[in-house]
Amino acid sequence: MIVWLHTPGARARWIAVAPRPRWSRRVWLMLALLLLLVIPGAYAIASPAGPDTADATGIVGDWLVADQGAIIRIEQVGDRFDGYIAWQLHDTYGPEDGLALDGKTVTDRNNPDPALRERPLTGLRLLTDLRYDPADGKWIDGRVYDTENGRTYRCRAWLDGPNKLVFRGYVGIPLLGRDTHWRRVVMQAPAPGGLPYVLADPAH
């Protein structure tokens with residue numbers, strides 16, 4: 001802009017002075033839009049995130065246990081996850097179990113409650129109350145029933161890839177336990193003399 005400048009001992013003159021910068025309407029609109037984008041993101045970072053549904057249900061499915069003698073089917077029950085024996089390689093006793101048991105259905109004979117010792121193991125719910133912890137991506141605070149000795153332990157589990165499950169039963173604290181590795185399977189109608197499942201990831 002042009003201003004009239006008068007200095008002592010000098011002739012008054014017109015000089016050009018650079019105007020004070022003004023924000024254009026377009027600049028203000030861009031800043032407002034930027035704030036609208038940044039504030040919700042900052043709020044999301046500061047706010048605790050809820051569990052990711054897809055991650056939480058990653059444990060659901062059929063899992064072949066480490067010795068390949070059984071498949072545990074894990075299901076979601078409310079906000080928890082339970083598992084039961086969906087299949088056993090040997091669901092009847094053999095001669096090695098004695099003449100009194102040979103050929104009979106395998107039961108929960110080691111249960112501390114005598115009234116439960118006749119229930120079949122196939123279909124038995126032995127994994128209960130696992131809950132998903134999104135902070136570390138693990139299923140924790142569960143209980144697992146050991147059919148070998150009739151005892152119940154605490155347990156937790158986590159995925160090692162989409163088709164591998166690390167399962168830990170323990171006493172007291174997780175450090176006092178051991179890991180077993182289960183593999184995801186897909187159930188199918190077996191061929192004569194074949195198995196009723198295929199590995200979900202046979203390459204590993």
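This is a predicted model: local features need pLDDT of at least 70, side-chain atom pairs count only at pLDDT 80 or more; totals for chains, interfaces and linings use all residues.
**Exercise 1.** How many aromatic pairs does the structure hold?

*Solution.* The structure holds 3 aromatic pairs. The next exercises look at two pairs, including the one formed by W87 and Y197.

**Exercise 2.** Decide whether the rings of W87 and Y197 are stacked, tilted or edge-to-face.

*Solution.* Start with the centres of the W87 and Y197 rings, which are 5.5 Å apart. Pairing asks for centres within 6.5 Å. Next, take the planes, which stand at 65°. Planes over 60 degrees apart count as edge-to-face, so W87 and Y197 form an edge-to-face pair.

Now place the two residues in the chain. W87 belongs to strand β5 (residues 80–88) and Y197 to strand β11 (residues 197–199), so their pair ties together parts 110 residues apart in sequence.

**Exercise 3.** Are W87 and Y197 buried or exposed?

*Solution.* Buried means under 20% relative accessible area. W87 has 14% relative accessibility, so W87 is buried. Y197 has 9%, so Y197 is buried as well.

**Exercise 4.** Work out how the rings of F167 and W182 are arranged.

*Solution.* The ring centres of F167 and W182 are 4.6 Å apart, and the planes are at 15°. Planes under 30 degrees apart count as stacked, so this pair is stacked. F167 sits in strand β9 (residues 164–170) and W182 in strand β10 (residues 177–187), with the two 15 residues apart. Both F167 and W182 are buried.

**Exercise 5.** Which residue lies over the face of W158?

*Solution.* Look for K138: this residue lies over the face of W158, 4.5 Å from the ring centre. In a further case, R119 lies over the face of Y145, at 6.0 Å from the ring centre.

Note on methods. Residues are numbered from 1 along each chain as its sequence is written. Side-chain values use heavy atoms; hydrogens and water are left out. Rings of Phe, Tyr and Trp (its six-membered ring) pair if their centres lie within 6.5 Å; planes under 30 degrees apart count as stacked, over 60 as edge-to-face and the rest as tilted. Helices (H or I, at least four residues) and strands (E, at least two) are DSSP runs, numbered from the N terminus. Buried means under 20% relative accessible area, exposed over 50%, partly exposed in between (1.4 Å probe, protein chains only). A charge sits over a ring if NZ of Lys or CZ of Arg is within 6 Å of the ring centre and within 35 degrees of the ring normal.
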